[in-house]
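Let's take a friendly walk through a protein chain together. Have the sequence and the 3D view ready, and follow along as we go.

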Amino acid sequence: MKYRSRTEIVGLVLEAANGGGVTKTKIMYKAFLSFAQLREYLTMLQENGLLEYEGGKQTYRTTEKGIRLLMVYEKMYELAPPLASTAETSILEQNKVVNTLGGRY
């Protein structure tokens with residue numbers, strides 16, 4: 001899996017919990033996180049009022065504030081998608097050279 005920024009992971013967690021009634025396990029699988037990572041993000045998102053824990057049901061849901069952040073994140077992603085990492089760029093450049101030489105180098 002490629003490197004993901006904290007912002008991207010926050011977006012995935014908020015998206016997973018959007019609509020409510022989502023367990024830790026579902027969020028973990030939808031956001032591709034380990035349990036340790038999940039606990040860190042859930043704590044941070046709850047402390048910032050972006051995610052809400054529903055104790056009786058033991059589920060999470062994205063708050064109104066979280067939904068607004070998610071909308072801003074999606075708009076930002078539309079306007080300026082992430083650039084390829086330096087390693088990916090290097091590999092792409094190497095492939096261009098190989099293709100230019102017809103596979104002979």
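## The chain as a whole

In the protein chain, residues 24 or more positions apart account for 53% of the contacts with a separation of 6 or more; contact here means heavy atoms within 4.5 Å. What you see is a predicted model, in which local features need pLDDT of at least 70 and side-chain atom pairs count only at pLDDT 80 or more, while totals for chains, interfaces and linings use all residues. Residues are numbered from 1 along each chain as its sequence is written, and side-chain values use heavy atoms, with hydrogens and water left out.

The protein chain holds 5 helices and 2 strands. Both kinds of element are DSSP runs numbered from the N terminus: helices are H or I with at least four residues, and strands are E with at least two. Starting at the N terminus, their order is α-α-α-β-β-α-α.

How much of the chain is buried? Of its 105 residues, 26% are buried. Buried means under 20% relative accessible area, exposed means over 50%, and partly exposed is in between (1.4 Å probe, protein chains only). The protein chain exposes about 7,600 Å², and carbon and sulfur atoms supply 57% of that area. Accessible areas come from the Shrake-Rupley method with a 1.4 Å probe, and for residues only the protein chains shown count as cover.

## Helices that cross

Look at helix α1 (residues 6–17) and helix α3 (residues 35–47), whose axes come within 11 Å and cross at roughly 80°. The axes are lines fitted to C-alpha atoms, for helices over the stretch in contact, and the angles run from 0 to 180 degrees between N-to-C directions. α1 and α3 are therefore roughly perpendicular to each other. In this wording, angles under 35 degrees count as roughly parallel, over 145 as roughly antiparallel, 65 to 115 as roughly perpendicular and the rest as oblique. On the α1 side, Arg 6, Ile 9, Val 10, Val 13 and Leu 14 meet Glu 40, Tyr 41, Leu 42, Met 44 and Leu 45 of α3. The residues of this contact between α1 and α3 are 8 nonpolar, no polar and 2 charged. Ala, Val, Leu, Ile, Met, Phe, Trp, Tyr, Cys and Pro count as nonpolar, Asp, Glu, Lys and Arg as charged, and the others, Gly among them, as polar.

Helix α3 also meets α2: the axes of α2 and α3 come within 10 Å and cross at roughly 105°. This pair is therefore roughly perpendicular too. From α2 the contact takes in Lys 24, Ile 27 and Met 28, and from α3 it takes in Phe 35, Leu 38 and Leu 42. The residues where α2 and α3 touch divide into 5 nonpolar, no polar and 1 charged.

## The nonpolar core

In soluble globular proteins, nonpolar side chains tend to be buried together. Which residues touch the most other members of the largest nonpolar core? They are Val 13, Leu 14, Ile 27, Leu 33, Leu 42, Leu 45 and Leu 51, out of 19 residues in this core. A nonpolar core is a set of buried Ala, Val, Leu, Ile, Met, Phe, Trp, Tyr and Cys residues joined through side-chain atoms within 4.5 Å.

Two or more residues of this core come from each of α1, α2 (24–31) and α3. The largest share, 6 residues, is given by α1. Leu 33 touches Arg 4, Ile 9, Val 13, Met 28, Leu 38 and Tyr 41, not counting residues up to four places away in sequence.

Most residues other than glycine have a negative phi. Phe 32, in the loop between α2 and α3, has a positive phi of about 55° although it is not a glycine. Its relative accessibility is 53%, so Phe 32 counts as exposed.

Gln 58 sits in the loop between β1 (51–54) and β2, and here phi is positive as well, at about 55°, although Gln 58 is not a glycine. Is Gln 58 buried or exposed? With 55% relative accessibility, Gln 58 counts as exposed.

Thr 59 belongs to strand β2 (residues 59–62). At 7% relative accessibility, Thr 59 is buried. Leaving aside neighbours within four places in sequence, Thr 59 is in contact with Gly 21, Val 22, Thr 23, Glu 52, Tyr 53 and Glu 54.

## Along helix α4

Glu 64 lies in helix α4 (residues 64–79) and counts as exposed at 57% relative accessibility. Glu 64 and Gly 49 are 15 residues apart in sequence and 8.9 Å apart in space, C-alpha to C-alpha.

Glu 74 is also placed in helix α4, and is partly exposed with a relative accessible area of 38%. Its C-alpha atom is separated by 8.3 Å from that of Gly 11, 63 residues apart along the chain.
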